[in-house]
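Hi there,

Here is the structure I promised to pass on to you. Have a look at it first, and then read on for what turned up in it.

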Amino acid sequence: MSRQMPESWVLPAINDHTRGFFTSGKIQVRACTGCGTIEHPPEDVCHGCQGTSFEDRELAGKGHVYSHTVIHHPVHPALKDAVPYTVVLVSLDDAPEVRITGNLLDAGNADLRIGLRVKAVWEEVPDPSGGDPIRLPQWVVDE
Ligand SMILES: [Zn+2]
């Protein structure tokens with residue numbers, strides 16, 4: 001799958017906290033081993049119990065649009081050919097408190113609204129530093 005954003009657009013920094021989310025090809029988040037709170041984006045300390053031990057947890061990658069916006073103005077010259085594009089904040093079915101941001105890839109065909117059912121898909125991009133491919137979660141309508 002080609003990228004929604006230009007090939008020159010910045011990629012996420014991959015580190016021990018973000019590797020699972022951006023390379024697994026799954027909605028993989030970190031959950032506190034002490035209280036189960038999901039920390040997304042990942043933090044060093046649990047917001048629920050101040051614990052510092054986490055494990056990876058895979059979520060289903062389906063949910064609904066919690067919020068959305070359509071970007072018409074390119075905020076950077078590299079985005080001039082990408083506009084308009086749609087950014088959605090997705091509340092996941094199996095962890096509604098977790099909200100994942102991404103582009104809605106088929107927005108032109110969608111009745112864009114809060115509550116619209118969506119599912120995750122991944123755009124694979126080579127890691128410029130030579131690590132595992134980066135897999136960017138994006139969203140499509142789940143009918
Ligand atoms: Zn905790």
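A word on terms before anything else: strands here are DSSP runs of E with at least two residues, numbered from the N terminus. By that count, T86 has its place in strand β5. Please keep in mind that this is a predicted model.

Let me stay with T86 for a moment. Is T86 buried or exposed? Its relative accessibility is 6%, and anything under 20% counts as buried, so T86 is buried. Leaving out residues up to four places away in sequence, T86 touches T69, V70, G102, N103, L104, A107 and L112.

Now the overall picture. Taken along the principal axes, the C-alpha atoms fill a box of roughly 45 × 40 × 25 Å. Buried residues account for 38% of the 143 residues. Of the contacts with a separation of 6 or more, 53% are between residues 24 or more positions apart.

I think you will enjoy the metal site. Which residues are the protein donors of the zinc ion? They are C32, C35, C46 and C49, each through its SG atom, at 2.3 to 2.4 Å from the zinc ion. The angles among the four donor atoms run from 99 to 118 degrees, and the site is tetrahedral. Along the chain, the donors are spaced as C-x2-C-x10-C-x2-C. C35 sits in the loop between β1 (27-32) and β2 (38-39), while C49 sits in the loop between β2 and β3 (54-59), so this pair ties together parts that are 14 residues apart in sequence.

As for disulfides, a disulfide is a covalent bond between the sulfur atoms of two cysteines. The structure holds zero of them.

Next, the nonpolar interior. In soluble globular proteins, nonpolar side chains tend to be buried together. Here the largest nonpolar core has 25 residues, and I27, L92, L104 and W139 touch the most other members. Two or more residues of this core come from each of α1 (19-23), β1, β5 (85-92), β6 (95-103), β7 (117-125) and β8 (134-141). The biggest contribution is that of β8, with four residues. Another core lies apart from this one; it has five residues, including M5, I71, A82 and Y85.

One last stop is A60, in the loop between β3 and β4 (62-71). A60 is exposed, with a relative accessibility of 57%. From A60 to G131 the C-alpha distance is 25 Å, and the two are 71 residues apart in sequence.

Happy browsing, and do write back with any thoughts.

Best wishes

Notes. Residues numbered from 1 in each chain as written. Predicted model: local features only at pLDDT ≥ 70, side-chain atom pairs only at ≥ 80, totals over all residues. Heavy atoms only, no water. Donors = N, O, S within 2.8 Å, 3.2 Å for Na, K, Ca; no water. Tetrahedral: all angles 85-135°; square planar, octahedral: opposite > 155°, others 65-115°. Disulfide = S-S within 2.5 Å. Core = buried A, V, L, I, M, F, W, Y, C linked by side-chain atoms within 4.5 Å. Buried < 20%, exposed > 50% of the residue type's maximum accessible area, 1.4 Å probe, protein only. Contact = heavy atoms within 4.5 Å.
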